[in-house]
Amino acid sequence: MGKRSRRRWLVLGAGLLFAVALAGFFFVAPPIVEAQRNAVLHPPPYRASARAAALHRRLLVADLHADSLLWGRDLARRGRRGHVDLPRLVEGNVALQMFTIVTKTPRNLNIERNDDRTDNIRLLALAQRWPARTYGSLLERALYQAERLDDLAWRSEGRLVRIRSTPDLATFLARRQTEPELVGALLGVEGAHALDGDVAHLDRLYDAGVRMIGLAHFFDNAFAGSAHGTGKGGLTEAGRALVRRMEEKRILVDLSHASARTIDDVLALARRPVVVSHTGVKGTCDNQRNLSDDQLRRIARNGGLIGIGYWNFAVCGEGAPAIARALRHAARIAGIDHVALGSDYDGAVTVPFDASGLVLVTQALLDVGFSPEDIARIMGGNAAAFLAANLPER
């Protein structure tokens with residue numbers, strides 16, 4: 001074989017290796033990453049007592065937080081990885097699901113200290129073949145994920161219903177009494193950095209259906225300090241303007257991941273109830289991520305709602321009993337009407353069960369002594385009432 005032929009074969013071989021690498025990046029890596037980041041400790045089927053199963057079937061179940069739009073799965077079909085899709089929501093008897101949008105997370109993410117210099121989601125967007133407009137703009141990443149929810153609703157043949165207002169919610173709840181396989185979908189955002197630094201962009205998110213925004217996620221931004229940031233400051237002047245504008249538009253202010261100073265500043269400023277969509281409580285799991293008893297009391301005085309998560313750093317345990325203990329503590333301190341579910345499903349966390357297994361929470365709440373009436377409040381009644389009182393009126 002001559003030099004020219006060998007060179008040609010080397011070029012062809014290099015091209016083939018490059019093509020294989022690209023195929024791996026686009027088609028193999030994303031599912032592997034998601035399966036690793038969103039693990040389930042105990043796969044289905046899930047079994048509970050006859051009493052818990054019968055009660056669970058009668059409940060209106062609501063979850064305040066799932067990051068499922070971030071990943072490339074078809075949420076209309078039952079998946080073999082991750083935590084949430086439409087079939088599993090139906091199996092878990094979930095009536096209302098808040099889908100939350102993630103636009104940026106730092107490399108080596110932790111609950112103590114992160115800066116904003118790295119961007120995991122840019123690489124994920126490339127690997128999942130998102131539109132080019134999303135590569136450099138956090139706002140466009142948010143709008144793209146909102147479009148994904150619209151597409152899911154369209155392809156669901158009416159099974160997934162978008163909810164943007166109190167009339168939407170009332171109509172949906174009336175329908176669901178006779179159509180128990182319907183799921184109502186709301187839209188939130190993790191971190192106001194999704195506004196690309198401009199409060200005026202709030203209108204674009206509102207028009208896309210966003211009805212809840214967390215002021216900070218894992219790093220400080222132009223609006224607020226994060227519990228996991230480097231400065232852990234409070235609201236900036238832009239953040240104060242954002243809170244006022246969100247209240248005018250009846251977009252829920254989410255204090256998940258907010259620094260202690262941000263929580264203080266928001267509660268001093270707020271004229272409407274706030275929400276903590278996914279958290280734990282220091283009373284059962286004392287760490288940087290979770291709410292103190294004093295914060296629980298002040299959020300309750302504001303009229304707010306507190307969603308308890310399912311992952312280990314939230315509840316210091318790996319099963320429904322740990323979730324029930326955190327819910328019981330939150331209810332004792334804040335009051336039963338201020339407690340809800342906030343799974344953080346598909347949020348790069350490991351959970352004990354997927355969305356089809358929520359009967360295990362009902363079972364655990366019975367086991368720690370809650371009455372069926374109080375379980376109905378925690379599992380979704382409180383969330384439905386809160387949304388009915390605080391969503392836009394049209």
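I began with the aromatic rings and counted 4 aromatic pairs, where rings of Phe, Tyr and Trp (its six-membered ring) pair if their centres lie within 6.5 Å, and planes under 30 degrees apart count as stacked, over 60 as edge-to-face and the rest as tilted. I looked up Y46 and F353, which form an edge-to-face pair at 6.4 Å centre to centre, with 80° between the planes. This pair links distant parts of the chain, 307 residues apart, with Y46 in the loop between α1 (3-37) and α2 (50-58) and F353 in the loop between β9 (339-341) and α13 (359-367). For these element names I note that helices (H or I, at least four residues) and strands (E, at least two) are DSSP runs, numbered from the N terminus.

I must keep in mind that this is a predicted model, in which local features need pLDDT of at least 70 and side-chain atom pairs count only at pLDDT 80 or more, while totals for chains, interfaces and linings use all residues. Residues are numbered from 1 along each chain as its sequence is written, and side-chain values use heavy atoms, with hydrogens and water left out.

Are Y46 and F353 buried or exposed? Y46 is buried, with a relative accessible area of 15%, and F353 is buried at 1% relative accessibility, given that buried means under 20% relative accessible area, exposed over 50%, and partly exposed in between (1.4 Å probe, protein chains only).

I then turned to Y310 and Y345, whose ring centres are 5.3 Å apart with planes at 80°, so this pair is edge-to-face. Y310 lies in the loop between β8 (305-308) and α11 (312-315) and Y345 in the loop between β9 and α13, so the pair ties together parts that are 35 residues apart in sequence. I found both Y310 and Y345 buried, and I noted that Y46, Y310, Y345 and F353 form one aromatic cluster.

My next entry concerns D119, which lies in the loop between β2 (94-102) and α4 (120-127) and counts as buried because its relative accessibility is 11%. A polar atom of the D119 side chain lies 3.1 Å from the backbone nitrogen of I121, and a polar atom of that D119 side chain lies 3.2 Å from the backbone nitrogen of R122. Leaving aside neighbours within four places in sequence, I list T103, K104, T105 and R141 as in contact with D119, contact meaning heavy atoms within 4.5 Å.

Technical notes. Polar contact = N/O pair within 3.5 Å; in protein donor to acceptor, adjacent residues only side chain to side chain.
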